[in-house]
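Dear colleague,

I am passing on the structure below, and my notes on it follow. Please read them with the coordinates open.

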Amino acid sequence: MSQKRENTQNRHMIVLAQFSENKFSRCYIDYDSVPAGLEGICQLYEQGLKAQNPELDKVTYDMSDLFKYIDSLADITALVFSHQTQHYVPHDREWIKAKVFENLKKQATS
């Protein structure tokens with residue numbers, strides 16, 4: 001009997017992030033879906049860029065910039081709810097980067 005893969009689109013996602021080595025820089029943000037969580041991670045980066053460059057009306061970046069940002073965080077984890085097991089499944093930064101890439105690629109082609 002084959003197990004059906006659970007669709008990640010409509011699953012609750014919690015992002016746990018630590019922005020620096022200071023433990024007080026830890027935060028969590030919850031999202032209604034995985035795509036919303038992935039978009040939220042991109043927005044965190046964009047907000048940081050805007051804060052660093054307040055004179056710019058529009059900030060631009062590419063995937064390598066976004067990946068450097070994700071890698072620069074002291075820690076980041078995504079917890080994705082599984083309806084099948086009724087638990088949150090943890091995912092590391094490599095999973096996050098792969099899913100962010102897939103999500104942005106889908107947005108660019110639609």
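**R11 and its contact**

The backbone oxygen of F81 lies 3.2 Å from a polar atom of the side chain of R11, a polar contact being a pair of N or O atoms within 3.5 Å, where within protein one must be able to donate a hydrogen and the other to accept it, and residues adjacent in sequence count only if both atoms are side-chain atoms. R11 is found in the segment before β1, helices (H or I, at least four residues) and strands (E, at least two) being DSSP runs numbered from the N terminus. With a relative accessible area of 8%, R11 is buried (buried is under 20%, exposed over 50%, partly exposed in between, with a 1.4 Å probe and protein chains only).

This is a predicted model, in which local features need pLDDT of at least 70 and side-chain atom pairs count only at pLDDT 80 or more, while totals for chains, interfaces and linings use all residues. Residues are numbered from 1 along each chain as its sequence is written, and side-chain values use heavy atoms, with hydrogens and water left out.

**The tyrosine cluster**

Ring pairs link Y45, Y61 and Y69 into a cluster; rings of Phe, Tyr and Trp (its six-membered ring) pair if their centres lie within 6.5 Å, with planes under 30 degrees apart counted as stacked, over 60 as edge-to-face and the rest as tilted. The count of aromatic pairs comes to 3. The rings of Y45 and Y61 are edge-to-face, because their centres are 5.0 Å apart and their planes at 85°. Y45 lies in helix α1 and Y61 in the loop between α1 and α2, so this pair ties together parts 16 residues apart in sequence.

Best regards
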